[in-house]
Amino acid sequence: MNKTLETTEVRKLLRRKVRICVLTGAGVSAESGIPTFRGAGGLWRKFRPQELATPEAFARDPRLVWEWYDWRRGLIAAARPNPGHEALVRLERRCPNFLLATQNVDGLHLLAGSKRVVSIHGDIWELHCTACGRSREDRAVPLPELPPTCPDCGGLLRPGVVWFGESLPPGAFAAAAAAARGAEAFLVVGTAGAVEPAASLTRLAREAGAFVVEVNLESSALSSLADVSFRGKAGEILPALVP
Ligand code: BJW
Ligand code: ZN
């Protein structure tokens, strides 16, 4: 099918469907200036995941891990939602049964105005105390001391994100999986599909009969599951699909 026709067909389909689930990854925030993990210019080109995004790395060197998160918090604080985030807000407003599952920890979907969002890999603005277990939002950039400590008990604070080997926030994956299974249309945007269990949401949706639309600069591990793949920037393709 030619691209203009495909765009028109998917635009119509997204208007007709009442149950839509969206999975986003780092690619949706790339045009806001936030680096992705994998691929050219990705964070993992410069830093090894096992040195930064695991509980073992944090236990070994909390200051190093915190320096990385503090730097990323600075980039995110300066970033604004882009036309891709905004298109997903429009999609939610006209869809009675909608869920946006994001792997991103940057909060840009919420800042854009999306409401029905589950952040399956947590939130970079949330700090958890490793000693007393309390959590609080803290948007200070840069943090005044690294590593930060808990104002209640003096314990070591950690970022409220999900590292490799850790469980997803309670209920978050279950909510996303239920929406994926119930979806008539499933949109997968800007993710390499390399991390589980997030990637399996696309498979769940597909197996339950959803029409799967992928938006990505390149082909991904999830492309073979898509009914249609749009190659290009989320900030350009999503506004064309959801004008
Ligand atoms: C654009 C674009 C533009 C660019 N427009 N597109 C089954 C099999 C094998 C392993 C496992 C398994 N199940 C679980 C595991 C282990 C592990 C895992 O998945 N390992 C894999 C590496 C194989 N998973 C876990 O450990 C998870 N926990 C878990 O399963 O708990 C149960 C359990 C407990 C104990 C033991 C075992 C299991 C947790 C995973 C947590 C992932 N955490 C991170 C860091 C979060 C915090 C932080 O931000 O620092 O999450 S890793 C990193 O990857 C981050 C991301 O959310 C995640 C996904 O990345 P994403 O979004 O796909 O980004 P990229 O960069 O990879 O891709 C960007 C894409 O965008 C590319 O495709 C570009 O082309 C595209 N793009 N610009 C459109 N403008
Ligand atoms: Zn504490």
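**The ligand site**

Ligand 1 sits in the largest pocket. Here a pocket is, on a 1 Å grid over the protein atoms alone, an open set of points where a 1.4 Å probe fits, with protein on both sides within 12 Å along at least five of seven lines, and a molecule sits in a pocket if more than half of its atoms lie within 2 Å of its grid points. The elements that give two or more residues to the shell around ligand 1 are α2 (27–30) and α6 (62–77), and α6 provides the largest share, 3 residues; helices are DSSP runs (H or I) of at least four residues, numbered from the N terminus.

This is a predicted model, in which local features need pLDDT of at least 70 and side-chain atom pairs count only at pLDDT 80 or more, while totals for chains, interfaces and linings use all residues. Residues are numbered from 1 along each chain as its sequence is written, chains are lettered from A and ligands numbered from 1 in the order in which they are written, and side-chain values use heavy atoms, with hydrogens and water left out.

In total, 35 residues surround ligand 1, the closest being R38, Y69, R72, T191 and N216; a residue is near a molecule if one of its heavy atoms lies within 4 Å of it. By type, the shell divides into 17 nonpolar, 11 polar and 7 charged residues, where Ala, Val, Leu, Ile, Met, Phe, Trp, Tyr, Cys and Pro count as nonpolar, Asp, Glu, Lys and Arg as charged, and the others, Gly among them, as polar. Domain 1 (1–34 + 81–121 + 168–243) and domain 2 (37–78 + 123–161) each give at least three residues to this shell, the domain bounds coming from an automatic or database domain assignment.

Turning to polar contacts (pairs of N or O atoms within 3.5 Å), the side chain of R72 places an N or O atom 2.6 Å from an oxygen atom of ligand 1, and a polar side-chain atom of N216 likewise lies 2.6 Å from an oxygen atom of the ligand. E166 instead uses a backbone N or O atom, which lies 2.7 Å from a nitrogen atom of ligand 1. The protein covers 75% of the 1,500 Å² of accessible area that ligand 1 has on its own, by the Shrake-Rupley method with a 1.4 Å probe.

Notes: Polar contact = N/O pair within 3.5 Å; in protein donor to acceptor, adjacent residues only side chain to side chain. 1 Å grid on protein atoms, 1.4 Å probe; cavity = no way out; pocket = protein on both sides within 12 Å on 5 of 7 lines; lining within 4 Å.
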